[in-house]
Amino acid sequence: MEVLFKSVKELVALAESKEKPISEIMIEQEMLITKRSREEIIAQMDHNLTVMEEAVEKGLQGVESTSGLTGGDAVLLQKYMEKGNTLSGNLLLDAVSKAVATNEVNAAMGTICATPTAGAAGIVPGTLFAVKDKLNPTREQMIHYLFTTGAFGFVVANNASISGAAGGCQAETGSAGSMAAAAIVEMAGGTPQQSAEAFSIVMKNMLGLVCDPVAGLVEVPCVKRNAMGAAKALVGADMALAGVVSRIPTDEVIGAMHRIGQSMPSALRETAKGGLAATPTGKALEAKIFGGASVNSDPASL
Amino acid sequence: MKFRSVFDIIGPVMIGPSSSHTAGAARIGRIARTIYGRQPEWAKIYLYGSFAETYKGHGTDVAIIGGLLDYDTFDERIKTAFEDAEKIGFTFEFFPEEEEKEHPNTAKIVVGDKDGVMELTGISIGGGKMEVVELNGFPLRLSGNYPALLVVHQDRAGLIASVANALANKGVNIAHMEVGRKEKGEMALMVIEVDHIIDDEMLSELRVLPHVTEVSTIAE
């Protein structure tokens with residue numbers, strides 16, 4: 001298969017030489033690979049954006065999952081922000097609450113758009129709809145934001161992994177937060193290289209993050225990991241826009257993530273056998289939800 | 001490259017909660033239904049690795065049944081798949097297995113009715129994408145990204161060339177091709193992913209080739 005870029009290095013070089021944003025390179029590659037027209041591709045992403053908007057709106061109204069483990073935190077955060085005394089700032093908390101809103105909808109078996117997975121679906125839309133109020137993008141620019149995240153995600157998925165079962169949470173919320181950081185930079189007027197730096201800065205702080213869902217549900221700690229993923233994305237983007245660079249090149253950071261994922265024991269890769277899932281409370285919650293008898297309760301597997 | 005489209009990354013639009021355990025699982029069920037070609041009367045589903053450990057929490061079971069009912073990943077009816085199956089008399093059983101498979105998210109689906117049984121093994125590779133790795137005992141790799149032709153045939157010299165020639169004569173481009181066999185000279189399976197949807201005329205031409213036993217297609 002002929003592609004325009006296989007690494008972040010190639011992606012940035014192409015954007016620089018063509019003097020185009022990364023989102024544009026992604027659109028061109030999509031046209032090349034799928035032989036579809038630009039209009040069709042944009043229309044599909046527009047639809048995905050609408051799904052994201054609706055999920056955020058639904059979550060901000062308050063939802064609850066069947067298990068009762070998650071729901072309502074997005075509402076709590078919005079009410080707290082309305083009081084005007086936040087420490088970390090309204091834009092950051094807005095991103096956090098909207099990431100939480102999306103993941104609460106996901107946990108409640110609502111309709112979402114995977115970015116790049118369902119478990120990490122909050123971070124990309126959460127950050128987008130928060131920076132929207134500050135940067136006032138057009139609808140087209142918001143669609144481009146998603147293509148930029150997709151370009152970085154494409155490299156990660158093909159060179160490492162975006163699956164928690166294969167690479168732990170670093171592959172899911174780690175990838176999503178890094179992808180979002182890169183897109184925020186582009187929307188804020190940063191260079192392609194700064195997008196890559198933002199990606200690296202965030203990913204370096206996600207390395208080693210395990211996938212240990214309580215009762216095997218995409219709820220605890222997934223919703224809060226989306227919250228913090230959104231926060232890291234914004235901070236990472238600001239750092240890159242300030243001119244901070246990563247000493248380790250982006251593709252090598254992605255390579256490190258891949259190797260760390262491969263050396264993670266299976267108990268920490270979405271089997272619900274280790275980490276938080278194996279805590280006394282994690283197990284008690286599981287017993288309560290599934291009625292005790294479970295394949296996950298073998299303490300020797302730790 | 002396993003992930004080819006930007007919509008493999010930003011997508012699919014789906015019913016939560018997990019892209020690999022819900023959307024990917026629904027897609028494995030749905031491709032089994034498509035290859036089987038009709039609504040099965042019963043299904044036995046064997047789950048391995050993370051699928052076996054966490055299928056209840058992720059709705060993997062309702063998603064696979066939804067797929068076997070031909071529901072797409074974003075179809076709200078996935079939530080009521082068990083009830084829907086019961087209404088049409090489609091029975092199913094799940095077996096969480098302890099055996100370790102190469103991929104952590106593996107499902108083996110056996111479906112059947114009075115006319116025949118089919119066995120398919122699929123893996124969910126992340127972000128809602130899946131691959132079929134085994135069909136009726138034949139190892140293969142099928143992504144469901146392209147329209148595909150499945151040709152069951154005797155393992156004979158020159159047969160692959162004659163199938164490829166028949167396609168070339170019609171201007172059909174082969175995107176990817178795999179051939180698997182159980183034993184030398186015995187039954188074999190050819191999986192051909194193509195760029196265009198195959199019409200019935202093409203299928204008839206392939207069916208009359210010597211040593212070809214069965215031809216079926218999967219639309220994109």
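**Group meeting: a two-chain predicted model**

Let me start inside helix H3 of chain B, where Thr60(B), Asp61(B), Val62(B), Ala63(B), Ile64(B), Ile65(B), Gly66(B), Gly67(B) and Leu68(B) are buried. Buried means 20 or more other C-beta atoms within 10 Å of the residue's own; exposed means 12 or fewer; partly exposed is in between; and C-beta atoms are placed from the backbone. Helices (H or I, at least four residues) and strands (E, at least two) are DSSP runs, numbered from the N terminus.

Some housekeeping. This is a predicted model: local features need pLDDT of at least 70, side-chain atom pairs count only at pLDDT 80 or more, and totals for chains, interfaces and linings use all residues. Residues are numbered from 1 along each chain as its sequence is written, while chains are lettered from A and ligands numbered from 1 in the order in which they are written.

Back to H3(B). Why call this helix largely enclosed by the rest of the structure? Because 9 of the 9 residues of H3(B), residues 60–68, are buried. What do they pack against? The partners in chain B are H1, strand E2 (42–48), helix H2 (49–58), helix H4 (81–87), strand E3 (91–96) and strand E4 (105–113). Contact here means C-beta atoms, placed from the backbone, within 7 Å.

Take one residue, Ile64(B). Leaving aside neighbours within four places in sequence, Ile64(B) contacts Ala25(B), Ala26(B), Ile28(B), Gly29(B), Ile45(B), Ala107(B) and Ile109(B). Just after the helix, Asp70(B) has a positive phi of about 75°.

Ile64(B) also leads us to the largest nonpolar core. That core holds 161 residues, and Val96(A), Ala181(A), Ile184(A) and Ile64(B) touch the most other members. At least three residues come from each of domain 1 (11–136) and domain 2 (148–218) of chain B. A nonpolar core is a set of buried Ala, Val, Leu, Ile, Met, Phe, Trp, Tyr and Cys residues joined through C-beta atoms within 7 Å.

Now those two domains. Their bounds come from an automatic or database domain assignment. Their C-alpha centres lie 27 Å apart.

Next, chain against chain. The contact takes 50 residues from chain A and 39 residues from chain B. On the chain A side, elements giving two or more residues are helix H2 (22–34), helix H3 (38–61), H5, strand E1 (111–113), helix H7 (139–159) and helix H8 (164–167). Which of them gives the most? H7(A), with 8 residues. The chain A side splits into 27 nonpolar, 19 polar and 4 charged.

Helix H5 (residues 90–107) and helix H6 (residues 123–135) of chain A pack at about 145°, with axes 7 Å apart. Axes are lines fitted to C-alpha atoms, for helices over the stretch in contact, and angles run from 0 to 180 degrees between N-to-C directions. From H5(A), residues including Val96(A), Ala99(A) and Thr102(A) meet a set in H6(A) that includes Phe129(A) and Ala130(A). The contact divides into 8 nonpolar, 3 polar and 3 charged residues.

Last, some backbone details. Two cis peptide bonds to look at. One joins Val220(A) and Pro221(A), omega about 5°. Pro221(A) sits in the loop between helix H10 (192–204) and helix H11 (222–241) of chain A. Another joins Gly11(B) and Pro12(B), omega about 0°. Pro12(B) is in the segment before strand E1 (13–15) of chain B.

Then positive phi. Lys35(A), a residue other than glycine, has phi near 60°. Lys35(A) lies in the loop between H2 and H3 of chain A. Buried or exposed? Lys35(A) is exposed, because 8 other C-beta atoms lie within 10 Å. Ala272(A) also has phi near 60°. Ala272(A) is in the loop between helix H12 (250–262) and helix H13 (280–290) of chain A. Ala272(A) is buried, with 28 other C-beta atoms within 10 Å.

Methods. Two residues are in contact if their C-beta atoms, placed from the backbone, lie within 7 Å. Ala, Val, Leu, Ile, Met, Phe, Trp, Tyr, Cys and Pro count as nonpolar, Asp, Glu, Lys and Arg as charged, and the others, Gly among them, as polar.
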